[in-house]
Amino acid sequence: MNAPGPGGPPEGPGPDLPDEHAAREAAWLLAALRADAPPPAGPGVNVARAITAGERRLRARRVAVPAAAAAALATLTAGLAALLPALTDTP
């Protein structure tokens with residue numbers, strides 16, 4: 001087989017077996033991806049930053065849960081205080 005036009009996968013002389021052709025085409029496609037890939041930037045996880053973020057979330061939860069409970073209790077108390085006179089008023 002003749003080589004295809006510019007930009008096509010490289011082919012060797014003679015007829016290709018299907019597996020050889022697929023392997024050669026895969027290598028050609030992957031080579032283009034490897035050329036555009038950015039270099040690895042070290043380990044994928046910054047452990048110190050992850051620990052800091054986790055501690056920040058934990059502090060936020062420790063503040064938010066009691067605040068939400070206090071708000072719910074205040075709403076319930078205000079609702080009962082408004083409703084209690086209507087319930088205890090006897091005509």
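**Exercise 1.** In which helix is Ile51 found, and is Ile51 buried, partly exposed or exposed?

*Solution.* This is a predicted model, in which local features need pLDDT of at least 70, side-chain atom pairs count only at pLDDT 80 or more, and totals for chains, interfaces and linings use all residues. Residues are numbered from 1 along each chain as its sequence is written, and side-chain values use heavy atoms, without hydrogens and water.

Step 1. Helix H2, residues 47-88, contains Ile51. Helices are DSSP runs of H or I with at least four residues, strands runs of E with at least two, numbered from the N terminus.

Step 2. Ile51 counts as partly exposed because its relative accessibility is 48%; buried means under 20% relative accessible area, exposed over 50%, and partly exposed in between (1.4 Å probe, protein chains only).

**Exercise 2.** Classify Arg61 by location and accessibility.

*Solution.* Step 1. Arg61 also lies in helix H2.

Step 2. Its relative accessibility is 53%, so Arg61 counts as exposed.

**Exercise 3.** Describe the chain as a whole.

*Solution.* Step 1. The secondary structure consists of two helices and zero strands.

Step 2. Of the 91 residues in the chain, 4% are buried.
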